[in-house]
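The paragraphs after it go from the whole chain to single residues.

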Amino acid sequence: MKKRIMSFVALGMSALLLTACSSSNKTDDNTLKVGIIQYVEHQSLDDIYAGIVDELESNGYKDGVNIEIDYQNAQGDQSNLKTISSKFVNDNSDIIIAIATPSAQAVASETSEIPIIGASITDMVSAGLVESNEKPNTNITGVSDMPPVEEQLNILLELVPNAKKIGIAYCTNEVNSEVQVNIALDYLKSKGIEPVITTVTNSNDISQAISSIAGKVDGLFIPVDNIMASAMPTVSSICEENKLPIVTGASVMVEQGSVGTSAFDYYDAGKQTGKMAIRILNGEKPENTPVEFVTETKIYLNKTFADKIGLDIPQSIIDKASEIY
Ligand code: TRP
């Protein structure tokens with residue numbers, strides 16, 4: 001509303017100053033600037049982006065009409081994250097939407113004024129983005145995709161019921177993964193199973209890291225981890241060579257080559273983020289906007305991949321699946 005009044009005044013002014021301002025663009029004053037930063041290229045994050053844009057559009061916020069979306073992908077690179085974040089701040093964006101934890105952390109370190117909405121951030125508190133999920137008390141709020149780690153591990157343990165050792169692979173630069181790994185460690189230990197961790201700092205390490213434990217564990221768990229998700233063909237082919245049952249955090253990772261999981265639909269998570277962005281564009285303050293959670297999970301299986309590693313998926317799991325590739 002405030003923007004509309006301002007643009008009305010601005011229109012009147014530009015009529016008065018027509019000759020002086022002949023080169024100004026008429027839509028400039030009422031176009032809202034939305035910066036969207038995505039950490040890395042992988043299908044789940046692309047789905048989140050599509051959900052955000054579709055939700056904005058179906059509520060009348062159309063790119064190039066009344067909002068201007070500047071969409072940038074950092075390609076998993078820390079210095080790109082910083083460059084893009086400071087560009088959005090210098091451009092005086094009205095809001096910034098940050099897809100994945102490293103993007104939200106990068107934007108947060110550039111501005112404490114512009115409202116930031118985190119899209120599918122595993123744990124906003126551990127990432128240092130908010131004081132609490134109930135009351136952020138910062139210029140940041142968002143939608144969390146904290147996954148059902150124990151449920152995901154139960155699927156793996158049902159696939160390999162006699163497992164003694166379970167591998168866990170993740171990227172140490174991602175606090176989102178660390179949080180999930182800690183839950184996994186506690187759970188496996190409570191079941192008397194020995195966890196075997198292997199880590200990477202970037203996608204170049206993945207092949208070596210997974211090969212190093214592949215022959216030593218009965219199954220592999222990979223959480224919702226951006227670097228792992230961006231290199232699923234590599235992960236999957238090593239598991240295939242070693243006939244290693246693997247359960248992953250996200251559904252797209254199942255489609256690209258793991259046995260299964262219980263997970264969210266990330267397009268829907270994007271739509272939920274878009275709804276929150278609209279509330280913030282309408283004046284709601286992030287500091288008072290509780291973090292929301294994605295709640296609806298489905299079971300995804302990849303029978304083609306299971307066949308490749310010679311694994312029979314028990315009928316009890318197949319019966320619960322919503323999506324079978
Ligand atoms: N939750 C991740 C984060 O906080 C981002 C993410 C969303 C993701 N969906 C994913 C990562 C699927 C890997 C796979 O950074």
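**From the whole chain to single residues**

Of the 325 residues in the chain, 51% are buried, where buried means under 20% relative accessible area, exposed means over 50%, and partly exposed lies in between (1.4 Å probe, protein chains only). This is a predicted model, in which local features need pLDDT of at least 70 and side-chain atom pairs count only at pLDDT 80 or more, while totals for chains, interfaces and linings use all residues. Residues are numbered from 1 along each chain as its sequence is written, and side-chain values use heavy atoms, with hydrogens and water left out.

How confident is the predictor? The pLDDT, which is the predictor's confidence in each residue from 0 to 100, averages 93 over the chain, and 91% of the residues score at least 70. Over residues 1–27, however, the pLDDT is below 50, and beyond near neighbours in sequence this stretch has five contacts in the model (contact means heavy atoms within 4.5 Å).

The chain has 13 helices and 13 strands. Both are DSSP runs numbered from the N terminus: helices are H or I with at least four residues, and strands are E with at least two.

What about the overall form? A compact globule of 325 residues would have a radius of gyration near 20 Å, and the 22 Å of the chain agrees with that. This radius is taken over C-alpha atoms, and the globule rule is 2.2 Å times the number of residues to the power 0.38. The C-alpha atoms fill a box of roughly 80 × 35 × 35 Å along the principal axes. Of the contacts with a separation of 6 or more, 71% are between residues 24 or more positions apart.

Now for single residues. Thr-304 is found in helix H12 (residues 303–308). Its relative accessible area is 44%, so Thr-304 is partly exposed. Ser-258 is 46 residues from Thr-304 in sequence, and the two are 9.4 Å apart in space, C-alpha to C-alpha.

Most residues other than glycine have a negative phi. Asn-137, in the loop between strand E4 (116–121) and strand E5 (140–144), has a positive phi, near 60°. Asn-137 counts as partly exposed because its relative accessibility is 39%. Lys-243, in the loop between helix H9 (232–241) and strand E9 (246–248), also has a positive phi, near 50°.
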